[in-house]
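Please keep the sequence and the structure in view while reading.

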Amino acid sequence: MHGVEQHSGVLDRLGRSIASGDRGPGTVLTLAGLEEEFGVSRTLVREVVRVLESMGLVESRRRVGVTVRPPHDWNPFDPRLIRWRLGGPGRDAQLLSLTELRAAIEPVAARLAAARADASTRRRLVELAARLKELGEAHRGTDPEYLATDIAYHELLLAASGNPMLAALGGTVAEVLSGRTALGLMPRDPAPGALEDHEATAAAVASGDAATAEARARAVVTEVLEEVADGTG
């Protein structure tokens with residue numbers, strides 16, 4: 001295993017075990033113990049621990065070791081943590097909270113995009129929405145291209161808002177879309193209404209109709225929210 005792959009593999013395994021609760025808050029780990037458990041060098045273990053520290057999952061202290069921190073200290077927007085949580089026992093709660101976040105931000109981003117986006121961005125959003133509809137109507141809702149197009153559409157919508165804080169959440173939205181697909185929660189045949197709402201949102205952004213852009217973007221995320229809520233109920 002190459003160095004980068006080895007680092008990523010250990011990070012994922014250790015991160016998932018913390019995110020899932022297998023190593024609960026207050027659990028104390030040692031570099032020597034992790035080195036032995038994963039069969040890797042002390043240097044690599046230190047690098048992995050530094051990443052987990054930057055995410056708020058652990059705290060490293062001299063003469064104490066590496067302590068797992070409680071969930072409220074973790075960075076909930078970190079794409080890696082989102083991925084780990086979606087792959088663990090807290091999947092339903094994570095999906096619901098992420099979808100609630102989308103419901104809060106995407107309609108606002110659409111309204112702002114209608115007022116602020118440049119011409120090329122407006123055209124690109126319309127193109128992505130049209131391609132998404134083509135793929136959906138071709139029963140390709142579970143295809144990698146559909147996922148890639150869906151991610152590109154929603155990331156562009158957030159970026160088109162002109163608000164750097166909304167744009168920074170693009171990775172978060174990408175992870176929830178990827179997670180829903182990986183978990184088999186995306187239909188092969190997307191709902192026609194959802195495809196139409198994507199197109200209508202893009203058209204409204206392109207024409208500068210802020211109110212309609214916001215309303216149709218809200219329709220997109222409201223439908224997803226209802227599906228997720230039903231699935232977790």
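Predicted model: local features only at pLDDT ≥ 70, side-chain atom pairs only at ≥ 80, totals over all residues.

On helix H6, the face turned away from the buried side carries the exposed residues Arg123 and Glu137. The buried residues of H6 are Thr121, Arg122, Leu125, Leu128, Ala129, Leu132, Leu135 and Gly136. Seen down the axis of H6, these buried residues fall within an arc of 155°, so they line one face of the helix. Among the elements that cover them are H5, helix H7 (144–160) and H10. Helix H6, which spans residues 119–137 and has 19 residues, reaches 27 Å from its first C-alpha to its last, close to the 27 Å expected at 1.5 Å a residue. After H6 comes His139, whose phi is positive, near 65°.

The helices discussed here have these residue ranges:

| Helix | Residues |
|---|---|
| H4 | residues 79–86 |
| H5 | residues 91–116 |
| H6 | residues 119–137 |
| H7 | residues 144–160 |
| H10 | residues 192–207 |

The axes of H4 and H5 come within 8 Å and cross at roughly 135°, which makes H4 oblique to H5. In this contact, Leu81, Ile82, Arg85 and Leu86 of H4 meet Arg91, Gln94, Leu95 and Leu98 of H5, and the residues of the contact divide into five nonpolar, one polar and two charged.

Leaving aside residues up to four places away in sequence, Thr201 touches Ala110, Tyr153, Ala213, Arg216, Ala217 and Val220.

How values were computed:
Residues numbered from 1 in each chain as written. Heavy atoms only, no water. Axes fitted to C-alpha atoms, helices over the stretch in contact; angles between N-to-C directions. Helix = DSSP H or I, 4+ residues; strand = E, 2+ residues; numbered from the N terminus. Parallel < 35°, antiparallel > 145°, perpendicular 65-115°, else oblique. Contact = heavy atoms within 4.5 Å. Nonpolar A, V, L, I, M, F, W, Y, C, P; charged D, E, K, R; others polar. Expected span 1.5 Å × (residues − 1). Buried < 20%, exposed > 50% of the residue type's maximum accessible area, 1.4 Å probe, protein only. Arc of directions from axis to C-beta.
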